[in-house]
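Take a look at the model below.

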Amino acid sequence: MAAHRKPPQRPLSGHTARTAATLALAGAVTAACFDGTAHAEPQLTPAQVKARVDTLYREAEAATEKYNGAKEESDTARRRLSALQDEVARRQETLNSARDALGSIAAAQYRGGGIAPAWQLALSSDPDRYLDGAALAERAGDRQAAAVSRVRRQLREIERLRGAARIELTSLRSRQAELDRQKETVTGKLGEARRLLARLTPRERTDATGTSTGTGTGTGGTGARASRSAADPRQPLQLAGSAQASTGRAAAAVAYAYSKLGSPYVWGATGPNAFDCSGLAQAAYRAAGISLPRTTYAQINAGRRVSRSELRPGDLVFFYSGISHVGIYVGGGQMIHAPNPSAPVRLAPVDQMPFAGATRVA
């Protein structure tokens, strides 16, 4: 009985193999399409978008405050470097004059022939007159030695100043690099927030950002209405509540904040037409005659700390554990602040965010 054997299988030709591979790939793609978009970006609900955007705005604001601090330090370093360079230039001018004077003395000595004093005395027809002249020359020599000493001191001082300028330049470059890093962080997070908000319908954007425009222009919504209602600078204090500002300067800062309701949020801005949160606080008190630091984490230490129960209009109120946001308390549990790029300067409840502390600067 003959044995049954499987017919030998011929290897696939190159063309056949490519065709089989193409069909297999097409089948895999089709299966993936039926299984769902495994590698596509997940579709977020409006609530998830709002939560993510809120987080991005908080992170961007923290980076903004670091940017503001680095910019302040960079500006200070640039001013110091400029002052050092000016001082080096002034010292160099003085040094050049001193060198010219020494050159004149040296030329005069050369023209005098440089004859030894003993021979000059021996050959002089009037020894007494020569001795008087020699004493004068000795005093001139003392003055020359003093001039040389001054030149040497000036050289050392110029070298010291140049060394300080080199250190300041290195510091400036380091701070500029930090500025660039923080700027990249801020713009990246704000860009992601914009992309997320762009997926929503206008109504969903309104719900997510709390503004009727969703554009951050401040042309509508609560901010604009509050701005129109605060045309009289004395009116805000009456509307906010019964508490009065602690001083006239605090009242002036509150009045300024009311006058800026509806202004757009722009990170890094300090007015007069756009602000970030610490920029608004700084501008309001600058208008009241008080100089505040640039960043939230410096502003919280700029005055006397007060408890939440002690708040009065004009006090600065701070939020989040990293002290990354600030508003100006106006009474009645309300503050004026610059929230984020999706919302203009506006009134908001103090309990809207995690309270971190308050400071009275006036």
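Start with Ser-74, which sits in helix α2. This is a predicted model. Is Ser-74 buried or exposed? Its relative accessible area is 1%, under the 20% cut-off, so Ser-74 counts as buried. Setting aside residues up to four places away in sequence, Ser-74 touches Leu-172, Arg-175, Gln-176 and Leu-179.

Now move to Ala-356. This residue belongs to strand β6, residues 355-360. Ala-356 is partly exposed, because its relative accessible area of 32% falls between 20% and 50%. Neighbours within four places in sequence aside, Ala-356 is in contact with Phe-318, Phe-319, Tyr-320 and Ile-323. Arg-308 lies 48 residues from Ala-356 along the chain, and their C-alpha atoms are separated by 9.5 Å.

Here are the two residues side by side.

| Residue | Element | Relative accessible area |
|---|---|---|
| Ser-74 | helix α2 | 1% |
| Ala-356 | strand β6 | 32% |

Next comes empty space. Rolling a probe the size of a water molecule over the atoms shows where such space is left. How many cavities of 30 Å³ or more does the structure hold? It holds one. The volume of the largest cavity is about 50 Å³. Its lining includes Tyr-57, Glu-61, Leu-190, Trp-267 and Asn-340. Two elements, α2 (46-111) and α4 (127-198), each give two or more residues to that lining. Helix α2 gives the most, with four residues. By type, the lining of the largest cavity has eight nonpolar residues, two polar and one charged.

Technical notes. Residues are numbered from 1 along each chain as its sequence is written. This is a predicted model: local features need pLDDT of at least 70, side-chain atom pairs count only at pLDDT 80 or more; totals for chains, interfaces and linings use all residues. Side-chain values use heavy atoms; hydrogens and water are left out. On a 1 Å grid over the protein atoms alone, a cavity is a set of points where a 1.4 Å probe fits but cannot get out, and a pocket is an open set with protein on both sides within 12 Å along at least five of seven lines; lining residues have an atom within 4 Å of a point. Grid points are joined across faces, edges and corners, and a volume is the space filled by probe spheres set on the points. Ala, Val, Leu, Ile, Met, Phe, Trp, Tyr, Cys and Pro count as nonpolar, Asp, Glu, Lys and Arg as charged, and the others, Gly among them, as polar. Buried means under 20% relative accessible area, exposed over 50%, partly exposed in between (1.4 Å probe, protein chains only). Contact means heavy atoms within 4.5 Å.
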